[in-house]
Amino acid sequence: MNEHHFQLEDYLKRLRLPAIRAQLEVYLREANEQQMTYESFLYHLLQLEVAEREIKRKELARKQARFPVEKTLANFYFERAPHVPKRKVLEIAEGNYIYDKRNVLMIGNSGTGKTHIMIGLAQIAIEKGYKVRYYTAAGLANEIMEAQDEKKLLQLEKKWLAADLVLVDELGYIPYHKRAAELMFQFFSSRYERGSMIITSNREFNKWNEVFHDDQMTAALLDRLTHKAHILDMNGESYRLRETLESRSI
């Protein structure tokens, strides 16, 4: 072991290059055996470090997204869900809606695959380098009200706006009282043309006033959410029920 070895270890530690540090001995042997050029040797070391950092970035992004379950589009069986517009979903998956700061709204009865597709789209967004955050609508309403009570509303709003893509699941399953409805309206409006959202709901748009209890506010909210949005009608037979029955028969 030559005199520079320990200094190399120290430099790699100080420069925070753990992947190169862990594999340095292996790559040094390979470089000698294969008589690599300096440029090729450096390229392979940096490629290793970048790949390792990308893996860790995705792991952290998924943890920060707080998905309730791990789902992907690859394990969604479109043939079992003819009510789901497959071509449109795959087009959305390309990710242009995030760059354009457009929303995706999925409307349909329970069990039709809305949450699965929402998380699947979000997983692809993470692969592309976007920051994602998942909320249930009820959980978001409670979190916003708690933040207001604790005078941390501005802090929560910064987090809300920092994500490239925000997921709001199950909007409309329960009505909100007046304060929650007004705060939800404020938060949704703050992302208008500033960031994308994917929202799932079991209620048609003409019934959203039953959730927010104010016709004028509901109309203003829908005007913002649906502007240039991708709207997917996902009413149909329960995908979840069919999947359960098929697994039991197997």
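1. Charge. The protein carries 38 positive and 36 negative side chains, and the centres of these two sets lie 3 Å apart. This is a predicted model.

2. Overall form. The radius of gyration of the protein is 24 Å, whereas a compact globule of 250 residues would have one near 18 Å. Along the principal axes, the C-alpha atoms fill a box of roughly 75 × 55 × 35 Å. The secondary structure consists of twelve helices and five strands.

3. Among the 250 residues, 41% count as buried. The exposed surface comes to about 14900 Å², with 51% of it supplied by carbon and sulfur atoms. Of the contacts with a separation of 6 or more, 83% are between residues 24 or more positions apart.

4. Aromatic pairs. The structure holds seven of them. Trp160 counts as buried at 1% relative accessibility, and Phe188 counts as buried at 2%.

5. A further pair. Phe205 and Trp208 have ring centres 5.4 Å apart and planes at 75°, so this pair is also edge-to-face. Phe205 is partly exposed, with a relative accessible area of 24%, while Trp208 counts as buried at 1% relative accessibility.

6. Ring cluster. Tyr135, Trp160, Phe187 and Phe188 are linked into a cluster by ring pairs.

Methods:
Residues are numbered from 1 along each chain as its sequence is written. This is a predicted model: local features need pLDDT of at least 70, side-chain atom pairs count only at pLDDT 80 or more; totals for chains, interfaces and linings use all residues. Side-chain values use heavy atoms; hydrogens and water are left out. Helices (H or I, at least four residues) and strands (E, at least two) are DSSP runs, numbered from the N terminus. The radius of gyration is taken over C-alpha atoms; the globule rule is 2.2 Å times the number of residues to the power 0.38. Buried means under 20% relative accessible area, exposed over 50%, partly exposed in between (1.4 Å probe, protein chains only). Contact means heavy atoms within 4.5 Å. Accessible areas come from the Shrake-Rupley method with a 1.4 Å probe; for residues, only the protein chains shown count as cover. Lys and Arg count as positive and Asp and Glu as negative; His and the chain ends are not counted. The place of a charge is taken as NZ of Lys, CZ of Arg, CG of Asp or CD of Glu. Rings of Phe, Tyr and Trp (its six-membered ring) pair if their centres lie within 6.5 Å; planes under 30 degrees apart count as stacked, over 60 as edge-to-face and the rest as tilted.
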